[in-house]
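Trainee: Before I use any of these terms, I would like to see what stands behind each one. Could we go through them in turn?

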Amino acid sequence: MTPELVMTVGQRALEVTLLLAAPLLFAALFIGLLVGVFQAATQINEMTLSFIPKLIGMAVALVVAGPWMLKVIVSYTRGLIESIPGLIG
């Protein structure tokens with residue numbers, strides 16, 4: 001097993017991880033920013049006010065981006081399994 005191949009597998013794993021996490025993280029960031037602006041404007045300091053919209057927004061983002069995320073992880077897993085012979089010998 002060559003170090004270049006191991007580096008490629010590890011690099012691709014990190015790329016897929018970032019791709020899969022991005023939609024949920026961006027949804028939470030955007031909703032958190034909107035709720036923070038709303039809380040600052042109205043001076044309402046309720047902790048659940050920021051949690052519930054983020055939870056709902058992340059669920060919506062998961063429903064919207066879920067099929068794409070599933071395709072990405074299945075494609076990566078299929079490629080990883082197909083590359084096992086090259087990694088062994």
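Mentor: Start with contacts: of those in the protein between residues at least 6 apart in sequence, 69% join residues at least 24 apart. Contact means heavy atoms within 4.5 Å. This is a predicted model, where local features need pLDDT of at least 70 and side-chain atom pairs count only at pLDDT 80 or more, while totals for chains, interfaces and linings use all residues. Residues are numbered from 1 along each chain as its sequence is written, and side-chain values use heavy atoms, with hydrogens and water left out.

Trainee: What makes up the order of elements from the N terminus on?

Mentor: The order is α-α-α, and the protein has three helices and zero strands. Helices (H or I, at least four residues) and strands (E, at least two) are DSSP runs, numbered from the N terminus.

Trainee: How do you know how the radius of gyration of the protein stands against that of a compact globule?

Mentor: The radius is taken over C-alpha atoms, and the globule rule is 2.2 Å times the number of residues to the power 0.38. For 89 residues a compact globule would have a value near 12 Å, but the protein has 19 Å. The C-alpha atoms fill a box of roughly 65 × 25 × 15 Å along the principal axes.

Trainee: Why is Gln39 called buried?

Mentor: Buried means under 20% relative accessible area, exposed over 50%, and partly exposed in between (1.4 Å probe, protein chains only). Gln39 has 16%, so it is buried. Gln39 is found in helix α1, residues 3-42. Not counting residues up to four places away in sequence, Gln39 touches Ile44, Glu46, Leu49 and Ser50. The C-alpha atoms of Gln39 and Ser50 are separated by 8.8 Å.

Trainee: Why is Thr48 called partly exposed?

Mentor: Thr48 has a relative accessible area of 46%, and therefore counts as partly exposed. Thr48 lies in helix α2. From Thr48 to Val16 there are 32 residues in sequence and 32 Å in space, C-alpha to C-alpha.

Trainee: Is Gln43 counted as buried or exposed?

Mentor: Gln43 is at 69% relative accessibility, so it counts as exposed. The loop between α1 and α2 holds Gln43.

Trainee: What is the phi of Gln43?

Mentor: Gln43 has a positive phi of about 60°, although it is not a glycine. Most residues other than glycine have a negative phi.

Trainee: What makes up the largest nonpolar core?

Mentor: A nonpolar core is a set of buried Ala, Val, Leu, Ile, Met, Phe, Trp, Tyr and Cys residues joined through side-chain atoms within 4.5 Å. The largest one has nine residues: Val16, Leu20, Leu24, Ala27, Ala61, Ala65, Met69, Val72 and Tyr76. Helices α1 and α2 (47-82) each supply at least two residues of this core, and the largest share, five residues, comes from α2.

Trainee: How many of the 89 residues are buried, as a percentage?

Mentor: Buried residues make up 18% of them.
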